[in-house]
Structure formats: structure tokens, C-alpha cells
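Biologist: I would like to learn how to read a fold from its coordinates. Can we go feature by feature?

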Amino acid sequence: MKFSFVSLFPHLIEFYFEDSILAKARKKGIFELDFYNPRDFSTHAYKKLDDYKIGGGAGLLIQAQPLFETLETIQKLHTNAHFIFLTPSAKNFNQKDAKRLSKKEHIVFVCGRYEGIDERVLENFANELFSIGDFIVTGGELPALVLCDAILRNVEGVLGNVKSLEEESFESYLLEAPSFTKPFVFSKNFKKFVAPSVFLKGNHAKINAFKSTLALCKTKFFRPDLFLEHKRKNLKDFYEK
């Protein structure tokens with residue numbers, strides 16, 4: 001699998017892949033990275049990229065010309081490129097998107113800066129637009145890394161244990177149940193912190209039932225919207241049977 005990042009600051013991205021499981025997966029050749037800087041395609045004498053909005057308004061936009069040239073170059077080199085633009089004015093990215101996009105051969109993340117990108121670029125090149133939440137960040141590099149990480153976790157060979165994906169949050173419209181590690185009793189500042197006793201008994205059926213209850217409670221508290229989706233799905237499955 002191949003990932004390309006279109007960014008004015010590629011050094012903000014590349015360091016993220018120098019450690020941990022993603023570095024190992026990259027060394028194994030499970031995925032490749034490359035970077036394109038629109039500044040290299042600017043026709044301006046001083047490689048200027050930004051300009052004021054037509055019709056006025058606060059802030060500057062990345063001009064259409066440098067990005068058009070950049071993305072056309074990628075299209076000519078890679079006919080299977082899937083262009084994703086990061087913008088708060090888009091659908092929120094989720095786990096279903098991550099799993100679906102993990103089947104793509106080549107994803108290109110286009111990272112905006114300033115007040116955004118000339119809309120004509122999106123209209124001509126965007127296959128999909130995504131947001132990572134209802135807030136604003138300085139540029140598209142962080143959202144692009146979030147998407148890339150989430151997608152890569154679903155690519156075969158990246159995670160050491162594939163089964164770890166099965167119990168993660170959002171796989172069944174539920175948040176992942178709380179987890180505990182040894183020792184069962186942990187002491188700090190003269191206080192004892194005890195893990196739930198059900199984990200001591202080795203009864204896997206009871207442990208699984210307990211974890212399911214915890215996952216339901218956690219989801220109901222933090223994400224009532226997901227909790228309702230879970231209930232709807234269970235009712236649908238019940239009536240279909």
C-alpha cells in the first residue's frame with residue numbers, strides 16, 4: 001500500500017513513521033510513503049502559494065495553480081491514486097472508513113494550510129473529504145496522520161496480533177470495555193486499588209459477560225448516540241431471526 005502526502009511542511013509528517021509498529025511495518029515493505037510540496041510547483045518568482053480570497057474575507061487561501069500542478073503530476077504517475085482532502089467542512093471520519101480505505105492501493109492526503117484551499121481544486125480532484133472533529137487545527141498534517149494511522153492498523157501485517165482489532169472500540173457500536181493488568185492489587189500512598197474480582201476466577205464466560213456490561217455502561221455514558229445504534233442493531237438482528 002502507498003500513501004502520499006501533499007503538504008507545505010512534509011517534515012511534520014515523516015518523523016511520525018520513524019518509531020513503533022508503523023516504523024516496523026514500513027521496514028517490512030507493508031506500506032510506502034512519499035511527499036509532494038506544492039511550493040515546488042509554484043510559478044511565482046518567490047514560490048508564493050497564498051493569496052487573498054476573491055470577494056474579500058479574513059485570511060488567505062492556497063492558490064489553485066500550485067495544487068493543480070501537484071495533483072496532476074501525481075495523477076499521471078499513479079492512475080490508482082485516491083485523493084482525500086482534510087477539512088473541517090466535511091463528514092467526520094470513523095472506523096468504518098478506516099477499514100474500507102485499508103483496501104485501497106494508493107491514498108493521497110492533501111493537507112491544507114492558512115484558511116484552506118481554493119474550492120476549484122477540491123471540485124476537480126477530491127475523491128473524498130474528511131474531518132476529524134468539530135474543531136479547527138492549524139493545518140491538515142495532523143488530521144492526515146490520524147487518518148493514515150487508523151487506516152494502517154487495518155492493513156494486514158501491521159499489527160502484531162490481528163485479534164486485537166476485534167475488541168477495539170466501534171467494532172460493534174460499543175466503546176471498548178475497561179482493561180486491567182497485573183497485579184490485581186496495586187498500592188500507592190497507603191491506598192489499595194483493586195481490579196474487579198471476576199478476573200481472578202478464570203471463568204471466561206463470566207469475564208466476557210462482565211466486559212460486555214462494562215462496555216455497554218461506558219458507551220451509554222460517553223457516547224449515547226452509539227449506545228442507541230447498538231440497541232437498534234440488536235433489535236433488527238432479533239426480528240430478522
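Biologist: Which residue just after H2 takes a positive phi?

Modeller: Keep in mind that this is a predicted model. The residue is glycine 29, with a phi of about 85°.

Biologist: Which residues of helix H2 are buried?

Modeller: For burial, look for under 20% relative accessible area. In H2, residues 20-27, that gives Leu22, Ala23 and Ala25. Down the axis of H2, these buried residues fall within an arc of 165°, so they line one face of the helix. On the other side, Ser20, Lys24 and Lys27 are exposed.

Biologist: What do the buried residues of H2 pack against?

Modeller: Their partner is helix H6, residues 141-152.

Biologist: Now the sheet. In what order do the strands lie?

Modeller: Start with the general idea. Strands of a sheet pair through backbone hydrogen bonds, either parallel or antiparallel. Here five strands form an open sheet, ordered S2-S1-S6-S5-S7, with parallel pairing. S2 (32-36) and S7 (128-131) stand at the edges with a single partner strand each, so one side of each has no neighbour in the sheet. From one strand to the next, the twist averages 30°.

Biologist: How many bridges join S1 to S6?

Modeller: Five bridges link S1, residues 2-6, to S6, residues 106-110, and the two run parallel. Take valine 6 as an example: its bridge partner in S6 is valine 110.

Biologist: And which residue is the bridge partner of histidine 82 in S6?

Modeller: Isoleucine 107. Five bridges join S5 to S6, again running parallel. Between these strands the chain passes through helix H4, residues 95-101, and this β-α-β crossover is right-handed.

Biologist: How many bridges join S5 to S7?

Modeller: Five, and these strands run parallel. Within S7, phenylalanine 130 stands opposite leucine 86.

Biologist: Which residues of H3 are buried, and what do they pack against?

Modeller: The buried residues are Ala64, Pro66, Leu67, Thr70, Leu71 and Ile74. They pack against strands S1, S2, S4 (60-62), S5 (81-92) and S6. Helix H5, residues 119-125, is also among their contacts.

Methods. Residues are numbered from 1 along each chain as its sequence is written. This is a predicted model: local features need pLDDT of at least 70, side-chain atom pairs count only at pLDDT 80 or more; totals for chains, interfaces and linings use all residues. Side-chain values use heavy atoms; hydrogens and water are left out. Two strands pair if DSSP finds at least two bridges between them. Helices (H or I, at least four residues) and strands (E, at least two) are DSSP runs, numbered from the N terminus. Axes are lines fitted to C-alpha atoms, for helices over the stretch in contact, and angles run from 0 to 180 degrees between N-to-C directions. Buried means under 20% relative accessible area, exposed over 50%, partly exposed in between (1.4 Å probe, protein chains only). The arc is that of the directions from the helix axis to the C-beta atoms. Contact means heavy atoms within 4.5 Å. A crossover is right-handed if, with the strands pointing away from the viewer, the path from the first strand over the helix to the second runs clockwise.
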